[in-house]
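Subject: The structure you asked for

Hi,

Here is the structure, with the sequence alongside. My notes on what turned up follow below.

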Amino acid sequence: MGSSAVTGLPTSQYVVSNTGNAPLIIDSVLFMDPHFELLDSLPIVISNNYSRSINIRYTGTVEGNYSTTMQIYSNDPNNELKNVTLSCHRYEPN
């Protein structure tokens, strides 16, 4: 998610692709750190052979480096759970 001042609310996009033959339905997105959050409403439906960005925000206000695991749960029969590592750096502005 890059580097941002602690006075802002950084957002980032993560692209989810559906290479299957049926719509992909994302039912749940969980973060191991409560300062990360999903900005999109669930469920998220992605048509077959399409991609879509999901929007993520970091709300922590303390300087430092942060990372978490984002868990994406879907109806994918081969990968019901997808773990994604997210990280960001927060700094005090001058």
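The largest nonpolar core holds 17 residues, and Phe31 and Met70 have the most contacts inside it. By nonpolar core I mean a set of buried Ala, Val, Leu, Ile, Met, Phe, Trp, Tyr and Cys residues joined through side-chain atoms within 4.5 Å. Buried is under 20% relative accessible area, exposed is over 50%, and partly exposed is in between (1.4 Å probe, protein chains only). At least two residues of this core come from each of strands E3 (24–31), E4 (36–38), E5 (44–46), E6 (50–58), E7 (64–74) and E8 (81–91). E3 gives the most, with four residues. Strands (E, at least two residues) and helices (H or I, at least four) are DSSP runs, numbered from the N terminus.

Before you go further: this is a predicted model, where local features need pLDDT of at least 70 and side-chain atom pairs count only at pLDDT 80 or more, while totals for chains, interfaces and linings use all residues. Residues are numbered from 1 along each chain as its sequence is written, and side-chain values use heavy atoms, with hydrogens and water left out.

Back to Met70. Leaving out residues up to four places away in sequence, Met70 touches Tyr14, Val29, Leu30, Phe31, Ile54, Ile56, Lys82, Asn83, Val84 and Leu86. A contact here means heavy atoms within 4.5 Å.

As for the overall fold, the protein chain has zero helices and eight strands. The C-alpha trace spans about 50 × 20 × 20 Å along its principal axes. Of the 94 residues, 32% are buried. Taking contacts between residues at least 6 apart in sequence, 63% join residues at least 24 apart.

Next, the aromatics. The whole structure has three aromatic pairs. One of them is Phe36 with Tyr58, an edge-to-face pair at 4.7 Å centre to centre and 65° between the planes. (Rings of Phe, Tyr and Trp, the last by its six-membered ring, pair if their centres lie within 6.5 Å; planes under 30 degrees apart are stacked, over 60 edge-to-face, and the rest tilted.) This pair links distant parts of the chain, with Phe36 in strand E4 and Tyr58 in strand E6, 22 residues apart. Phe36 counts as buried because its relative accessibility is 3%, and Tyr58 does so because its relative accessible area is 1%. Phe31, Phe36, Tyr58 and Tyr66 form one aromatic cluster.

Which charged-looking name turns up in the interior? Arg90, in strand E8, counts as buried because its relative accessibility is 0%. Setting aside residues up to four places away in sequence, Arg90 touches Ser4, Ala5, Val6, Gly8, Pro10, Tyr58, Gly60, Thr61, Val62, Glu63, Gly64 and Tyr66.

Ser4 is in strand E1 (residues 3–5) and counts as buried because its relative accessibility is 14%. Beyond its neighbours within four places in sequence, Ser4 is in contact with Pro10, His89, Arg90 and Tyr91. Gly64 lies in strand E7 and is buried because its relative accessibility is 18%. Gly64 touches Cys88, His89 and Arg90, again not counting residues up to four places away in sequence.

A couple of backbone details are worth a look on screen. Most residues other than glycine have a negative phi, and most peptide bonds are trans. Leu42 and Pro43, however, are joined by a cis peptide bond, with omega about 0°. Pro43 lies in the loop between E4 and E5. Asn49 is not a glycine, yet its phi is positive, near 65°. Asn49 sits in the loop between E5 and E6 and counts as exposed because its relative accessibility is 56%.

Finally, the largest pocket. About 400 Å³ of space lies in it, the volume being the space filled by probe spheres set on grid points joined across faces, edges and corners. A pocket is an open set of points on a 1 Å grid over the protein atoms alone, where a 1.4 Å probe fits, with protein on both sides within 12 Å along at least five of seven lines; lining residues have an atom within 4 Å of a point. The lining has 20 residues, and Ser17, Asn18, Leu24, Ser74 and Asp76 lie nearest the centre. Strand E2 (11–18), E3 and E7 each supply at least two lining residues, and E2 gives the most, with five.

Cheers
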